[in-house]
Amino acid sequence: MTALTTAWVDELTAALGPDAVRTDPDVTVAYARDQALMAEAGTPAAVVFPRSTDDVVAVVRLASRHGIPVVPRGAGSGLVGASNAVDGGITMVLTRMDAVLEVSAADRLAVVQPGVVNKALRDAVAAEGLFYPPDPASYDWCTLGGNLAMNSGGLCCVKYGVTTDYVLGLEVVLADGRVLRTGRRTVKGVAGYDLTRLFVGSEGTLGVITEATLALRPAPAADPVTLVATFATSAQTGQVVESVVTSRVVPSMLEVMDRTCIRAVDDMLRADLDRDAQALLVARSDAGGAAALAEIAELTRLCEAAGADLVHSTADPAEGDLLLAARRAALPALERLGSVLLDDVAVPRSRVATFIDGCDAISSQYGLVIGVMGHAGDGNMHPTIVFDATDADQRARAVEAFDAILELGLSLGGTITGEHGVGTLKADWLEREIGPVSADVHRSIKDALDPAGILNPGKVVRRRG
């Protein structure tokens, strides 16, 4: 550590206290990266653990004075390197700011700090008969600050949408240390620019979110009805997805797995799945009672009309959870086969089948196992490349296959990310999707709010020059 670094670390320690600033190599390396295997990462000079907005302000003001990069971070569940450290910078871990500050049943909202775990908020509002819908796969350990920064989704997006659909307002510390409050507590409000949505999904590049006011919904019925169906072709699966979109049915989940995932899950769970099926759909209705049964009955009809080999439904919650467990086990099952590179591509729902078949062709082209799972109801697919991370040739082919999948998604009118974000892993792809004018606007916004470029540099949009 240089004398200059020691000086600013001493300033941090004086401001936050010795237990909130760590420079030990075993600690700094532990906070160097998120879950993205192939994303570049540096080593922070210091890791800080603020407990309040005032602490965050102190860190950001110090970083601004000294020109030190600041990387905000939650639990580290991200998948694109968005919270990966910058060499010599400060990694700001917000997990100690973990208070649910308010739950208002009358206004159907909650006010939270960024370190609150997604499931903890769900549990806190359940006592009021309320529900916070966004449900990332890591909902039992990911933090709301990370969900907000990445605009996370989840299995229930087909009915309930993504994180931004539930954000009423934010408290954000800007790059110069000023505290900005956006939004409001009212159901409606259109005064001024929508700054709230600007910061949701900005991946910590425009400001540090220190508080959020979130909309809640009435809790869904406690008796969901679940359906599973298998198909001989991807086209049949795609037909069901299209039929759901054009019907009056809005399931709370509509998930898909391809044959590679089916076989991997069956090997792990010994669940007696149809190993010859090309695709498996899992759907759920949380409408409750007769309404849920009617929705699943209509989904059954749509699956049978598409030529499903098997359709089975149950109103037993325990059995339904077992059926859903197969879908949730897809990624862990693939991870048993080797290292994985998990992609996140959303396509128009009418192109889901074409995308699945295209990923199968990419698998053959690069000689790698690629399993496709995803949220069929909103077109958000998660192709997962399996490879040997110790084999340089396989690593190179995995990167090429990853890029080919992104290209396939764009060619079908899709997007390079539906819920995981851009980070470093896809920063070079963003302009290809949004075009040079939009990329220039992105840079202008970044330059206006963070002219020195200290907030999460290198993520999302590359700076000019």
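Mentor: Let's begin with a term: a crossing is called left-handed if the near helix is turned anticlockwise from the far one by less than a right angle, and right-handed if clockwise. Please also keep in mind that this is a predicted model.

Trainee: Okay, so is the crossing of helix 14 and helix 15 left-handed or right-handed?

Mentor: The crossing of those two, helix 14 and helix 15, is right-handed.

Trainee: And what angle do they pack at, and how far apart are the axes of helix 14 and helix 15?

Mentor: Helix 14, which covers residues 392-411, packs against helix 15, residues 427-449, at an angle of about 15 degrees, and their axes are 11 Å apart. Angles under 35 degrees count as roughly parallel, so helix 14 is roughly parallel to helix 15.

Trainee: What about helix 8 and helix 10, what's the angle there?

Mentor: The axes of helix 8 (residues 234-246) and helix 10 (residues 289-305) cross at roughly 140 degrees and come within 9 Å. That angle makes helix 8 oblique to helix 10, and the crossing of this pair is right-handed.

Trainee: How do helix 8 and helix 13 cross?

Mentor: Helix 13 spans residues 352-366, and its axis comes within 7 Å of that of helix 8, at a crossing angle of roughly 150 degrees. Angles over 145 degrees count as roughly antiparallel, and helix 8 and helix 13 are therefore roughly antiparallel to each other. Helix 8 passes helix 13 in a right-handed crossing.

Trainee: Switching topic: how much space lies in the second largest pocket?

Mentor: The second largest pocket holds about 640 Å³ of space. It is lined by 25 residues, and those closest to its centre are Arg122, Phe131, Pro220, Met253 and Arg284.

Trainee: Which elements give two or more residues to that lining?

Mentor: Those are helix 4 (118-126), strand 7 (130-131) and helix 11 (317-328). Domain 2 (100-218) and domain 3 (222-333) each supply at least three residues to the lining.

Trainee: And what's the lining like by class?

Mentor: It has 16 nonpolar, one polar and eight charged residues.

Terms used. Residues are numbered from 1 along each chain as its sequence is written. This is a predicted model: local features need pLDDT of at least 70, side-chain atom pairs count only at pLDDT 80 or more; totals for chains, interfaces and linings use all residues. Side-chain values use heavy atoms; hydrogens and water are left out. On a 1 Å grid over the protein atoms alone, a cavity is a set of points where a 1.4 Å probe fits but cannot get out, and a pocket is an open set with protein on both sides within 12 Å along at least five of seven lines; lining residues have an atom within 4 Å of a point. Grid points are joined across faces, edges and corners, and a volume is the space filled by probe spheres set on the points. Helices (H or I, at least four residues) and strands (E, at least two) are DSSP runs, numbered from the N terminus. Ala, Val, Leu, Ile, Met, Phe, Trp, Tyr, Cys and Pro count as nonpolar, Asp, Glu, Lys and Arg as charged, and the others, Gly among them, as polar. Domain bounds come from an automatic or database domain assignment. Axes are lines fitted to C-alpha atoms, for helices over the stretch in contact, and angles run from 0 to 180 degrees between N-to-C directions. Angles under 35 degrees count as roughly parallel, over 145 as roughly antiparallel, 65 to 115 as roughly perpendicular and the rest as oblique.
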